[in-house]
Amino acid sequence: MPIQYYIALASALFCIGVVGVLTRRNAIIIFMCIELMLNAVNLLLVAFSKMPFNIAETGASNASAGADAQLFVFFIMVVAAAEVSVGLAIIVMMYRNVHSVDINFLNRLKN
Amino acid sequence: MICSIIVRNKGSFRHIAAFGLLILLIANILETYGKDFFHVNTMQLLQFDRFGFLFNSIALGATLIYVLLTGKEIEKSGKYAAEYFTLIFFVLCGIFILSAYDNLLMLFLGIEIMSIPLYILTGSDKRNLKSNEAALKYFLMGAFSTGLMLMGIALMYGGTGTFQLEVQRISVGMYKGVSFLEITGLLFLMVAMAFKVSAAPFHFWTPDVYDGAPAVFTSFMATIVKAAAFVAFIKLCDVRMTATLGAIDWKLLFALIIVFTLLIGNITAVFQQSVKRMLAYSSIAQAGFMLFALFNVNDVAKEGLLLYTAAYSLATIGIFAILVKMKDYTFEGYNGLAKTQPVLAATNTVFLLSLAGIPLTAGFFAKYYMLAAVVKTGSYIWLVVVGVLFAAVSVYYYFRVIQAMYFRNGNAATETITFSFKTGLIILAAIIILIGILPQVLLNWFYF
Amino acid sequence: MTASEIIFWFLSVLALFSAIMVLISRNPVHSVLWLIVVFFAISGHYILLNAQFLAIVNLIVYAGAIMVLFLFVIMLMNLNTETEPQRNTWLKVIGVISGGLLLTVMVSAARSAGELSNKTALIGAGDIGLIQNLGKVLFNQYVVPFEITSVLFLSAMVGAVVIGKKD
């Protein structure tokens, strides 16, 4: 599969995530769109890890070339899990006080 | 060095925390001068150099002062004082990683370790709606910028095939010339870092978050954490940017960012009514000055950034320490402080003067070094002029506070001020003036 | 068209379609379910690229744990009614336009990049994605970040408890 297809697919998913962050108002959905962005990145990294130029480039032994990208994906997942736990805790905390997850409530800070 | 990474301190009281910080500080300074406590093979993921060590020392020292001055407030700010101290230590751990990363993976992990505890500290005042909203906003913005940063890293990997900061271009089958993927990736990464340091087009979260967070934690966020993000940024610029973008005139882009940051930070700060919010905007303006270091990375710029970090952190920590003692955060709340609390007013004046960059304080030399780094390039002199102009603007709003303290009548209500708190403030002010009069003391030490 | 190409196109279309559905469905629960479909499609891509370990971890961590957490929170807040008020339309249009511009820039940059011509991602070949090889690299070269993530988890845990606890 040409790598451009993967770049295009990942960019499309990423941009859908960005549009979601920009247009939705529900904090949880915004958060989900951020997860979507992270997944697009993961897909792109895995695709890059299988690109043959890697094998010639890094000079590492063939067996492990590209493994760093896949491990990066692994670390992204780890961090995403930690982030989700904190983020949902914050959202729940806010919900307890305002009974809404609408981010337009945030505008109260302005004045 | 790993000793500073492993966070062994679960300081349940601020004394333990301060003690732990002191130990870390001593260990760090010793290691700067070549004493190895541990030797851990970090596999080219982390690389500890002089600059990183010096920055760590400053960060630790500033945190130590911060804990000593405002430790009581942290204990007061909620039921979970022990957890707050722990979280501050986690943030420090992230900062150490950021000052030493040599691999984009470590950059990512360091930023995350630094920001996740901060989200929580921002929202630690659970009953307060403002604090909640600040936490949510900070979190969403932080996660979004993390997404952008990861996209940048992924694209850069696609362009070069490695996560190492320094790319060996022994390209075997690689495309010769400018790598589109790498440049796009770098742009994403730059945007994400601009988010983190709150540079101009991406600054909008800063005032709200700094305003909404409990004042004790704002002071930590606005000083040490911000400086750490700058250190990460400067490392990125130093190694990767100049190598990749050598052919492209990216300096103009940086110049525009600097001008915008200074403009927005300074002009909006003038119109604020609350001192806390004014400080938030002024921290954007100060970030504009720190960006000068990124403009042309050389030794002067690095020294300057260290000096700026020290001067700015000390002054801001002092101001916030006084701020949390005030009952009313508006300018009116400061009216007549000089009569009721002369020591507080006097030290506050020193801190404000330092932030404004008046000679004889540390801030003057910090700003001077930043501008000198740009002058060294020979071009872009207009940028220096703009910097000086905005420094003049900033004097105006810092003096509003001084004016309120000395020349307005009123009785500023404060909480009870202990003697040790006053002593701490006086020592802090003395340090700032000392650096201002004899900057060589610090600079000789910085020399690397 | 070989079988793997057909699978590739099918999974891509599925991922994009469900991603858009995440965006436009009004009910948060539906969004979560569509997002899970996206994750399954992406896992399919991983398997196609012979990254089995990541495919499984993706399913377990994302679809299994994270999304359940999301669902749990949504149920807890009783958000499954269509409560979300609409943002004004021109903001939406601007959001879509800026996202579209970003996409155009990225795709055209990728298309015009000479470095990428004739580069392919190998499908169904190589064994770096196997758990044995990844494990070896992880615990040799990447053991430091692996340990450091434990600090991250600790801080996230402390934080979630501090924030989530009722006082």
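This is a predicted model, so keep that in mind as you go.

**Exercise 1.** Work out how helix 15 of chain B and helix 17 of chain B are oriented to each other.

*Solution.* Start with the helices themselves: helix 15 covers residues 362-375 of chain B, and helix 17 covers residues 419-437 of chain B. Next, take the angle at which they pack, about 45°, with their axes 6 Å apart. Angles under 35 degrees count as roughly parallel and 65 to 115 as roughly perpendicular. The pair is therefore oblique.

Now see who meets whom. Helix 15 of chain B brings Ala362(B), Phe364(B) and Phe365(B), and these meet Ile432(B), Ile435(B) and Gly436(B) of helix 17 of chain B. Sorted by class, that contact has 5 nonpolar residues, 1 polar and no charged ones.

**Exercise 2.** Describe the side of chain B that touches chain A.

*Solution.* First the head count: chain B puts in 35 residues and chain A 36. Then the elements: helix 5 (104-122), helix 6 (129-160) and helix 8 (205-212) of chain B each give two or more residues. Helix 6 of chain B gives the most, with 18 residues. Finally, the classes on chain B's side: 20 nonpolar, 8 polar and 7 charged.

**Exercise 3.** Do likewise for the side of chain C that touches chain A.

*Solution.* Here 67 residues of chain C contact 62 residues of chain A. Several helices of chain C supply at least two residues each, including helix 1 (3-24) and helix 3 (52-77). Helix 4 of chain C gives the most, with 11 residues. By class, chain C's side splits into 49 nonpolar, 13 polar and 5 charged residues.

Key
Residues numbered from 1 in each chain as written. Chains lettered and ligands numbered in written order. Predicted model: local features only at pLDDT ≥ 70, side-chain atom pairs only at ≥ 80, totals over all residues. Contact = placed C-beta atoms within 7 Å. Helix = DSSP H or I, 4+ residues; strand = E, 2+ residues; numbered from the N terminus. Nonpolar A, V, L, I, M, F, W, Y, C, P; charged D, E, K, R; others polar. Axes fitted to C-alpha atoms, helices over the stretch in contact; angles between N-to-C directions. Parallel < 35°, antiparallel > 145°, perpendicular 65-115°, else oblique.
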